[in-house]
Amino acid sequence: MVYISSWQQYQDAAENLYASSPRKTRYSVKWKSSEGKLVLKITDDVTCIKFKTHSSIFLGRFEALNRSLIQKMTNNRPPPAPAPAVTLSPSPAQASAAASPVLQGSNLPGTPGPAAGGGVKKKKGKKK
């Protein structure tokens, strides 16, 4: 077992270890609340790499490594960046649909409006 003290070295070693033997590699996370210690371990039964920290600064880096490894383990690709929106001039059918009034709230057919008897209840007075 090798504890690596530098986060960047651990991240590189962990990703390389997984890339070299993806079927055998296991990844575990341990949080020891009594000591306030986070221990990360990745192994392929031949090589075992560990990283431990008491600092909460590494949580963001830990999440990024977790996402990267889980993405590789599930064989998912990151979602592509959204393409820029292209604005086209509306066709005559779309222009007439945009000009028609929009039904909202109580204007929808079949829904009672405020004049349909759904008023506010009055509070009863206190008993004497």
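**View 1. Lys52 sits over the ring of Tyr3.** In this close-up of a predicted model, Lys52 lies over the face of Tyr3, at 4.9 Å from the ring centre. To count as a charge over a ring, NZ of Lys or CZ of Arg has to be within 6 Å of the ring centre and within 35 degrees of the ring normal. A few ground rules for every view: residues are numbered from 1 along each chain as its sequence is written, and side-chain values use heavy atoms, leaving out hydrogens and water. As the model is a prediction, local features need pLDDT of at least 70 and side-chain atom pairs count only at pLDDT 80 or more, while totals for chains, interfaces and linings use all residues.

**View 2. The whole chain reads β-α-β-β-β-α-α from the N terminus on.** There are 3 helices and 4 strands here. Both kinds of element are DSSP runs, numbered from the N terminus: helices are H or I with at least four residues, and strands are E with at least two. Of the 128 residues of the chain, 22% count as buried. In these legends, buried is under 20% relative accessible area, exposed is over 50%, and partly exposed is in between, using a 1.4 Å probe and protein chains only.

**View 3. Four strands make an open sheet in the order S1-S4-S3-S2.** The pairing in this sheet is mixed, and two strands pair if DSSP finds at least two bridges between them. At the edges you'll find S1 (2–3) and S2 (26–32), each pairing on one side only. Helix H1 (residues 7–20) packs on the sheet and touches S2, S3 and S4 (48–53); a contact means heavy atoms within 4.5 Å. The direction of H1 makes about 30° with that of S3. Helix H2 (residues 58–73) also packs on the sheet, touching S2, S3 and S4, and its direction makes about 155° with that of S2. For these angles, axes are lines fitted to C-alpha atoms (for helices, over the stretch in contact), and values run from 0 to 180 degrees between N-to-C directions.

**View 4. S2 and S3 form a hairpin.** These two strands run antiparallel, joined by 7 bridges, with S3 covering residues 37–43. Look across the pair and you'll see Ser28 opposite Lys41, and Arg26 opposite Thr43. There are 4 residues between the strands, and Gly36 in the turn has a positive phi of about 65°.

**View 5. S3 pairs with S4 too, over 6 bridges in the antiparallel sense.** Here Ile42 stands opposite Ile49 in S4. This hairpin has 4 residues between its strands, with Asp45 taking a positive phi near 75°. How many of the 7 residues of S3 are buried? The count is 6, so S3 is largely enclosed by the rest of the structure.

**View 6. The largest nonpolar core has 16 residues.** A core like this is a set of buried Ala, Val, Leu, Ile, Met, Phe, Trp, Tyr and Cys residues joined through side-chain atoms within 4.5 Å. Trp7, Tyr10, Tyr27, Leu40 and Ile42 have the most contacts inside the core. H1, S3, S4 and H2 are the elements giving two or more residues to it, and the largest share, 5 residues, comes from H1. Take Ile42: leaving aside residues up to four places away in sequence, its contacts include Tyr10, Ala14, Leu17, Tyr27, Ile49 and Leu69.

**View 7. Trp7, Tyr10, Phe51 and Phe58 are linked by ring pairs into a cluster.** The whole structure holds 5 aromatic pairs. Rings of Phe, Tyr and Trp (its six-membered ring) pair if their centres lie within 6.5 Å; planes under 30 degrees apart count as stacked, over 60 as edge-to-face and the rest as tilted. Trp7 and Phe58 make a tilted pair, 6.0 Å centre to centre with 45° between the planes. That pair links distant parts of the chain, with Trp7 in H1 and Phe58 in H2, 51 residues apart. Is Trp7 buried or exposed? Trp7 counts as buried, at 7% relative accessibility, and Phe58 is buried at 17%. Phe51 and Phe58 have ring centres 5.4 Å apart and planes at 70°, so their pair is edge-to-face. Phe51 is buried as well, at 2% relative accessibility.
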